[in-house]
Amino acid sequence: MIDVTALDDAGSRPRRVAIGTFDGVHIGHREVIDGADTVLTFDPHPLEVLHPAAAPKLIMPFSVKRDVLDGIGIEEMVVIGFNEDFTRISAEQFIEQILVEKLDAQQVAVGENFRFGTGARGTPEMLAAHPEFETRVVPLVEQGGETVSSSRIRALVAAGEMEQARACLGVPFMLEGTVVSGDRRGRELGYPTANIVPDDRLVIPGHGVYAAFANGMPAAVNIGVRPTFETGRGVLIEAYVLDRDLDLYGQTLRVAFVERLRGEQRFDSAEALIAQMKLDVEKTARVCASFQRP
């Protein structure tokens, strides 16, 4: 199990360190992380402090990032609490005080576009000039002829392009949240759902119906405002777990998206909606049964 440690609590020991925000832990990030035993990362995202208006919606909540890093064999996640005080640390102080003195880094890996320290003056070349550790600078990775980046993945997720997002991430796009009580409309229609209110800080797939896994179980998931009914509610994530009637209220539900089945649409009657939901559930069963986990 990965050890999650605040920087102040990290004991000194020889480490192979990969540094980055790593939002999404996509295939480019994995090239940087390969060979490391420790990931040095930041929470919150640096732009939330440096330029709040430009801060992106995150691909992964912290808990999902932790579990993905654990799944690829990282032993330790050292977290820097990114705040105003940290922004005043120079690039040389970052190297000497954090990498050398605090973490005893023997190897350091970064992406070629990584910058650090006050004014983002620190560069991979500056790291490479330090003899205390070996530096590995990883070029940007392409997939499908385009550079893989967190911003590209955010756009793919928002467009509902789950297969392309998965090709960039290396795993299905995942979100999680606490199951809340809804209007019980799904139960009345014969398809009881576990409902999650989206976190405004996180990217979510575009409105529509998706084949997915909810806590590992095949699920048909609707994201939207339920236009067939005048609910007056905002966007909701509704997961119908196939062939199970589960009481999930108050529990954390993690949804892994496989394929977008259709866009959100308004139906003229509840009967027409139920007929379409039956088709959605049947297709979800087929998609999930044929899905090969990475």
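I take a helix here to be a DSSP run of H or I that is at least four residues long, with helices numbered from the N terminus. With that in hand, and keeping in mind that this is a predicted model, I looked up Ser150 and found it in helix 7, which covers residues 150–158.

**Entry on Ser150.** I then listed what Ser150 touches, leaving aside residues up to four places away in sequence, and noted Asp23, His26, His29 and Ile59.

**Entry on Gly144.** Next I turned to Gly144, which sits in the loop that joins strand 7 (142–143) to strand 8 (146–147). With a relative accessible area of 70%, where exposed means over 50%, Gly144 is exposed. I also checked Gly144 against Gln164: the two are 20 residues apart in sequence, and their C-alpha atoms are 8.9 Å apart in space.

**Entry on the whole chain.** I stepped back to the protein chain, whose secondary structure comes to 10 helices and 14 strands. Its C-alpha atoms fill a box of roughly 70 × 35 × 35 Å along the principal axes, and of its 294 residues 48% are buried. When I looked at contacts between residues at least 6 apart in sequence, I found that 72% of them join residues at least 24 apart.

**Entry on helix 10.** I wanted to know what span helix 10 should have. Helix 10 runs over residues 270–290, and at 1.5 Å a residue its 21 residues should span 30 Å, which agrees with the 30 Å between its end C-alpha atoms. I wrote down its buried residues as Leu273, Gln276, Met277, Asp280, Val281, Thr284, Val287 and Cys288. Seen down the axis of helix 10, these buried residues fall within an arc of 150 degrees, so they line one face of the helix. On the other side of helix 10 I found Glu271, Arg286, Ala289 and Ser290, which are exposed.

Rolling a probe the size of a water molecule over the atoms shows where empty space is left.

Methods:
Residues numbered from 1 in each chain as written. Predicted model: local features only at pLDDT ≥ 70, side-chain atom pairs only at ≥ 80, totals over all residues. Heavy atoms only, no water. Helix = DSSP H or I, 4+ residues; strand = E, 2+ residues; numbered from the N terminus. Expected span 1.5 Å × (residues − 1). Buried < 20%, exposed > 50% of the residue type's maximum accessible area, 1.4 Å probe, protein only. Arc of directions from axis to C-beta. Contact = heavy atoms within 4.5 Å.
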